[in-house]
Amino acid sequence: MSINKNNYENYFLLYIDQELAASDQAAVKNFVQANPEYAAELANLEKTKMVPDTIRYANKAFLYRLPEIEATLPQVFKNKLYKQSSTLLQPNFNYKTKAALLSVAALFILFLGDRFYQAGTNHTWPVQASIISKKNNFSESNNNNPNEIKNVFVSAKNKSKSKPSVKNLEAPNFIVSNESPTRQIQAYPVTEEMLNKPSSLPFIEKTIVPNEMMPSETMTEAPTHTEAPSYKVVDTDEQDRTIYLANFEINGASFRGLTRKLNALLKRNKSEK
Amino acid sequence: MRDIEFNNCVDEHADGVYRFILKNIGHVEDAQDIVQTSFEKLWVNRNKVEPQKAKSYLFTVAYHQMIDHIRKEKKATVTDSYEEVSAKATYQKDPELKQLLLAAINELNPTQKSLVLLKDYEGYTYQEIGEIMNLSESQVKVYLHRARIFLKEKLVHLEKAAN
């Protein structure tokens, strides 16, 4: 089929698209040369042909498949590349309990330790009474200083408030024997007969002159009746009871409240669990 | 297809597939995703695809991915990024004519635009384009000729308006 004015456009389009055989391409060129008025038509169609741009795909590295290299990679390294779900931290009862106990212990030491330190600075240790009794004979101390017995009383009071104190006794006359620091202080009622016969006192071996023995006011004001002495029972569970732990003096009421709170806390945790 | 042949396909055809998709949809990220998907499918079907038909397979997959993308996004027109990418082209025969041609191509429908790009950029025959776009050879010929005539008239009109 030859190119003419009726079918030239189809040939031109096929020529632009390079769909013509070499012979047909030559025929198109000859037609244009023979008919210059159609050269502009062919030129306009040529303009519709796009010129390829140089556009590079930048992420070719992600497209390559390298099974040989991939096979050489250790499985541990491959696993690191995967996302891993983080493990949730489960609340632990033991952990909380330990933390609570440590906190309470720290507060206990910080709060009460300071109180112990302050109390310890003005503390009169009960050893004082034993030292006095060891150094001096009871009768000699009475001879030298009438207030010696009072000092012994004060020392005994500081030793323990819960124990029967000499001060609480209602006996008219008494003499304190503090032979050993570890022994409990014993009070003996002293009657008029005993005072007239000092040798009958159970713990005094040396003869004591009654006039020299009682220079103090308490002794001089002692009644002369011979009734049996009565003792007042001291409540050992009183609120201001003191507990000794090494060099620390612990307030009994505070310690009891603290232990109750600890018990309540542990019971609640057990019920929650 | 072995892995070495697949990597050769990446070297030879990745740029062409990317350019074809980018010129059609105008979005760099979307074009990259489509290219990546195309090569993923080629890798999955590497045992079924002959190495000499890998290029046609890649363009076929990429074209259908692009059509799906256009249908989803309803982007039949080229956006600003298309102009930016085109402006960065290293080869420009006639900058003014090129801009006019790009403006005219933007007015083509997606099928005609793909036909022009596959024909001019990749040099596919009508038959190959028909295989890629799932069209008959005569359909490719008619659609492409209509697109050429439209572009010619548009260019003449734009040149007259510019002058």
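User: Is E12(B) buried or exposed?
Analyst: E12(B) is exposed, because 12 other C-beta atoms lie within 10 Å. A residue counts as buried if 20 or more other C-beta atoms lie within 10 Å of its own, as exposed if 12 or fewer, and as partly exposed in between, with C-beta atoms placed from the backbone.

User: What kind of model is this, and how do the numbers and letters work?
Analyst: This is a predicted model, where local features need pLDDT of at least 70, side-chain atom pairs count only at pLDDT 80 or more, and totals for chains, interfaces and linings use all residues. Residues are numbered from 1 along each chain as its sequence is written, while chains are lettered from A and ligands numbered from 1 in the order in which they are written.

User: Which element holds E12(B)?
Analyst: E12(B) sits in helix 1 of chain B. Helices (H or I, at least four residues) and strands (E, at least two) are DSSP runs, numbered from the N terminus.

User: How far is E12(B) from K55(B)?
Analyst: Their C-alpha atoms are separated by 8.6 Å, and the two residues are 43 residues apart along the chain.

User: How many helices and strands does chain B have?
Analyst: Chain B has 8 helices and 0 strands. Of its 163 residues, 37% are buried.

User: And how many does chain A have?
Analyst: Chain A has 13 helices and 4 strands. Buried residues make up 13% of its 273 residues.

User: Back to chain B. At what angle do helix 1 and helix 2 of chain B cross?
Analyst: The axes of helix 1 (residues 3-25) and helix 2 (residues 28-44) of chain B cross at roughly 145 degrees and come within 9 Å. Axes are lines fitted to C-alpha atoms, for helices over the stretch in contact, and angles run from 0 to 180 degrees between N-to-C directions.

User: Left-handed or right-handed?
Analyst: The crossing of these two helices of chain B is right-handed. The near helix is turned clockwise from the far one in a right-handed crossing, and anticlockwise by less than a right angle in a left-handed one.

User: Which residues make that contact?
Analyst: Helix 1 of chain B contributes residues including F6(B), V10(B) and L22(B), and helix 2 of chain B contributes residues including D30(B), I34(B) and W43(B). Two residues are in contact if their C-beta atoms, placed from the backbone, lie within 7 Å.

User: What classes are they?
Analyst: The contact has 16 nonpolar, 1 polar and 1 charged residues. Ala, Val, Leu, Ile, Met, Phe, Trp, Tyr, Cys and Pro count as nonpolar, Asp, Glu, Lys and Arg as charged, and the others, Gly among them, as polar.

User: What about helix 3 of chain B, what length should it span?
Analyst: Helix 3 (residues 54-73) of chain B has 20 residues and should span 28 Å at 1.5 Å a residue; its end C-alpha atoms are 28 Å apart, so the two agree. The expected span is 1.5 Å times one less than the number of residues.

User: Which of its residues are buried, and what covers them?
Analyst: The buried residues of helix 3 of chain B include Y57(B), F59(B), Q65(B) and M66(B). The cover includes helix 1, helix 2, helix 6 (110-122) and helix 7 of chain B.

User: What follows helix 6 of chain B?
Analyst: G123(B) follows it, with a positive phi near 70 degrees.

User: Which residue other than glycine in chain B has a positive phi?
Analyst: N134(B) does, with phi near 60 degrees. N134(B) lies in the loop between helix 7 (126-133) and helix 8 (137-162) of chain B. N134(B) counts as exposed because 11 other C-beta atoms are within 10 Å.

User: And in chain A, what is phi of Q18(A)?
Analyst: Q18(A) is not a glycine, and its phi is positive, about 55 degrees. Q18(A) lies in the loop between helix 1 and helix 2 (22-34) of chain A.

User: How do helix 1 and helix 3 of chain A cross?
Analyst: Their axes come within 10 Å and cross at roughly 40 degrees. That makes helix 1 of chain A oblique to helix 3 of chain A. Angles under 35 degrees count as roughly parallel, over 145 as roughly antiparallel, 65 to 115 as roughly perpendicular and the rest as oblique.

User: Last one: how many residues does each chain put into the contact between chain A and chain B?
Analyst: Chain A gives 24 residues and chain B gives 33 residues. Helix 3 of chain A supplies 3 residues, the largest share of the side of chain A that touches chain B. That side of chain A divides into 12 nonpolar, 4 polar and 8 charged residues.
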